[in-house]
Amino acid sequence: MSDAILEVDGVEKRYGGVRAIDGASLAVERGSITALIGPNGAGKSTLFDVVSGFERADGGAIKLDGRSIYRLPAYAIARRGLVRTFQMTKTLNVMSVLDNMLLASPDHPGERLSTWIVRPWAGRRRERDARARALHLLEAFELAAHARAYAGTLSGGQRKLLELARALMLAPRLVLLDEPLAGVNPTLGRRLLEHIEELRRDEGTTLLFVEHDMEVVMNHSDHVIVMAQGRVIAEGSADEVRRNETVVEAYLGKVVVA
Amino acid sequence: MSAISPETTHDENLGAERVPTALLVVVGAMVAAAVVLAITQGAQELAQATINGLVSGSYFALGAAGLTLVYGVLKLVNFAHGEFLTFGAYMAIFAQSAFGFPLALALPFAFVTTAALALGLEAVMWRPMRRKGAGVLQLLLMALGLAFVLRNVIQLVAGTEVRKLSANVTSSVTFGGLHIGRTELWVVIVAFAALIALALMLGHTRLGTHIRALSDNAELAETTGLDTGRIIVYTWILAGGLAGLAGVVYGASIGVITPNLGFGIVLSIFAAAIIGGIGDAYGALAGGMLIGLVQEWSTLVFPVNLKVAVGFGAMILVLVLRPQGIFGRARTAGR
Amino acid sequence: MIAITFHFLTAADFWIGVGVLAATYGIFALGLQLNVGTTGITNFGQAGFMAVGAYTMGILVAKQGWSWWWAMPAAIAASMLAAVIVGLPSLRLRADYFAITTLAFAEIVRYLADNERDLTEGSQGLLGYNSDWFKLSLRLGDWLNGHGVHVTSFLFPLLLVSWGVLLVLTLLVALVVRTPWGRVLRAIREDEDAARALGKNTLAYKLQSLALAAALAAIAGFVLALNLTLLVPDEFDPVFTIFGFVIVILGGLGSYVGVILGSVILMTVLEGTRYVELPLSSDKVAAIRFIIVGLVLILLMAFRPQGILGSKQEMLLGE
């Protein structure tokens, strides 16, 4: 039995009378790079929202590393090691690139008001450490030159890189990437993919991403999960999935699977 | 049992067949409260308070209807709405003193003039700000500033002395030991007539359907080729007109008209709109009645001066338990 | 015919009066700046927190015989508690609903102040809380006289103390906003979901911001109470929250130094326009002054939302 870092079991999410997620079950293997695909409206992003705590599930079970994270608030899930990025990149544009990174520093005593009254040196010390780690990460992502610039002045692709680098400040065990390559030029896109592979190789981080670009899915994922109409309809290796008739039907007319 | 794609989240149950469970819960709670009050405070007292509640509920509903229409179509929380009521009341006074209009004519005069004011503000302030892409905070603060300006302009022009509409405030109609003032009876009739007309318009005319479509899902509605500009104009006409009517009706009911008239009840009107589900006109009716009844019933138990505070308390309670209000829909999926 | 006498501009009493008001509303607006300019929460109830602070202090001293020095921290605590009670249910709501809820809270406080006459003396006015301050003020006046500063006005010591408090508080708040704690607040303002996704309990931070603003409002309430020597509910009308917002916007959203600038400008204009002699009754003149304030707010939001010291680039990037 493989070792699942994320287990989703029979999760449901309703909006009014509509079932966006209708009993979805999946498992993400630790240390894998898994792609979540499916036609528009399949419920992929909604599933991300539910798993990461941004939407409240209406039923089912969700476990991270064997511990339930069902209906936990989003910030608590992030603290447990599950970090996500967003389809519409959420970098803080009015803050500097460096500040974006520093914000993500976990368990920072300086973020508690009481620290500044009782032991301000602890706050200052952690800030120095965070700064060093942030610059290190920014260098890895080739953004160090922009450290002091407003994040809003970066290009769209650079902001996606920043969002990923920022997420890494939390040393997550599982990263959920919501369409990481959307709107990114091919060069930066390749960089992003390289970083993803490095992460898995060097840190053992598990990655789950939603993508529409089939070439990326075919060549860069170990495992593919297919959703349609709020449910998981198939999973397996990229090759297996591509030959699966149910999958082809779900996509009929929408995407040509090469 | 197939799931529909979240893209088509438009709730088909838009019509009268939909009775939200929330409404049933609220009605149930009200009935239970009524029974308790009847037993502890006396059925006669409860009945009189209920009549008073229906009177105030009707002008709250009238005020809330305009507010909620503007919110639904424009997503704008118009803090200056209370001033529309004040303006309407003063226009009625003006019509009576300058032209000698009877109250029956002063009403449509107030409707028309307040609608004109609302349209003027849309042209001069709201539309240019929308074109500029103004943010929520900007609009909120502008509305606040506008409320301030309008109230003080009225004070500048008309002064602070108390005025009255010439209406028969002393005689009352009695039945079964309960009384309702003639003016107040008239208030309820006018308000209900206006609200019924509004409900019919919204449910059965093309404009009404367009307004509801726009309130429900602006993006979807625009793609179907609706002339949003025109609908916005009509919405302001309705909102301003109804608010003007509400002002006259409220002023006639309490008998005392000052520049603070609208501001004094604007929070209760907000409470009514929010409780009903802001953006939903039927909600304004329900919410208005609810706030009116809650306020008047509370006088059986709490000091009279605190009834408005009790109304706010009810609003806060609803916001905590069900932020979308009775008729409102929970946030729908975007993807 | 409009007669404007400029004689007032040289009168020390005028400037001392403006100065005390500017300090009062400056401290008040510091809290609003923390809420709206830094954290992005639209607190329309600041006048209510000010009332809780001022009345708690007044009641404890005048009616319960507390020492003024103990009543003040107790009053600040009461204000902060009110903030937590109001904030817990409502900070999860959208900005406009939160604004309405805080406004309703402020009105409830005003109603209570007006109606619980046994406690607050209602509109008759609560007196008798300032004897400790009075003694302190005299001692301060004597000390200044002894050092060559000729004190003419009774309010002068209050001017000095209130400005001292304003400057210290501005410094403290500006410093604390620069800490990592303040960074989380600024992140919440721009994109609360991003902060949540990074493990920050945003509700807790918003509550802290509101509570601090309430504490600042309470301190502003003390200055107001000492200035007026009498507390009436009308002094806590929501119009003062509007003044606060004008100050914050005028000085620049996000700028704490701007708050000082904005409050001096606004109070000078408001008090100065009292001296414009128009052939109108006093309530109409008051109306004109308020219309000007309202128009300033509207025009600022329309044409220069970043105020005097705000950054236009930040304004645009944040859209």
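These notebook entries record what I looked up in a predicted model with several chains.

**Entry 1: conventions.** I note that residues are numbered from 1 along each chain as its sequence is written, and that chains are lettered from A and ligands numbered from 1 in the order in which they are written. Since the model is predicted, local features need pLDDT of at least 70 and side-chain atom pairs count only at pLDDT 80 or more, while totals for chains, interfaces and linings use all residues.

**Entry 2: the six-stranded sheet of chain A.** I looked up the strand order of an open sheet and found E6-E7-E8-E3-E9-E10 (chain A), with mixed pairing. Strands (E, at least two residues) and helices (H or I, at least four) are DSSP runs, numbered from the N terminus; two strands pair if DSSP finds at least two bridges between them. Strand E6 (82–84) and strand E10 (231–236) of chain A stand at the edges with a single partner strand each, so one side of each is left without a neighbour in the sheet. The twist averages 20° from one strand to the next. I then followed E3(A), which runs parallel to strand E8 (residues 206–210) of chain A and is joined to that strand by four bridges. A:Ala35 has A:Phe209 in E8(A) as its bridge partner. H1(A) packs on this sheet, and its direction makes about 145° with that of E7(A). Such angles run from 0 to 180 degrees between N-to-C directions, and axes are lines fitted to C-alpha atoms, for helices over the stretch in contact.

**Entry 3: the four-stranded sheet of chain A.** I recorded a further open sheet, antiparallel in its pairing, with the order E2-E1-E4-E5 (chain A). At its edges stand strand E2 (18–29) and strand E5 (67–68) of chain A. Strand E1 (residues 4–15) and strand E4 (residues 59–64) of chain A pair over five bridges in the antiparallel sense; A:Asp9 has A:Ala61 as its bridge partner in E4(A). H1(A) lies across E1, E2 and E4 of chain A, at about 70° to E2(A).

**Entry 4: A:Gly38.** I located A:Gly38 in the loop between strand E3 (33–37) and helix H1 (44–51) of chain A. Is A:Gly38 buried or exposed? A:Gly38 is buried, because 25 other C-beta atoms lie within 10 Å; the cut-offs are 20 or more for buried, 12 or fewer for exposed and partly exposed in between, with C-beta atoms placed from the backbone. Among the residues that A:Gly38 touches are A:Lys44, A:Val226 and A:Ala250, contact being C-beta atoms, placed from the backbone, within 7 Å.

**Entry 5: chain B.** I counted 12 helices and two strands in chain B. Of its 335 residues, 49% count as buried. The axes of helix H4 (residues 103–131) and helix H9 (residues 228–254) of chain B come within 7 Å and cross at roughly 135°. H4(B) and H9(B) are therefore oblique to each other, as angles under 35 degrees count as roughly parallel, over 145 as roughly antiparallel, 65 to 115 as roughly perpendicular and the rest as oblique.

**Entry 6: chains C and B.** I looked up this interface and found 34 residues of chain C in contact with 35 residues of chain B. H13(C) gives the largest share of the side of chain C that touches chain B, 13 residues.

Key:
Two residues are in contact if their C-beta atoms, placed from the backbone, lie within 7 Å. Lists of a residue's contacts leave out its neighbours within four places in sequence.
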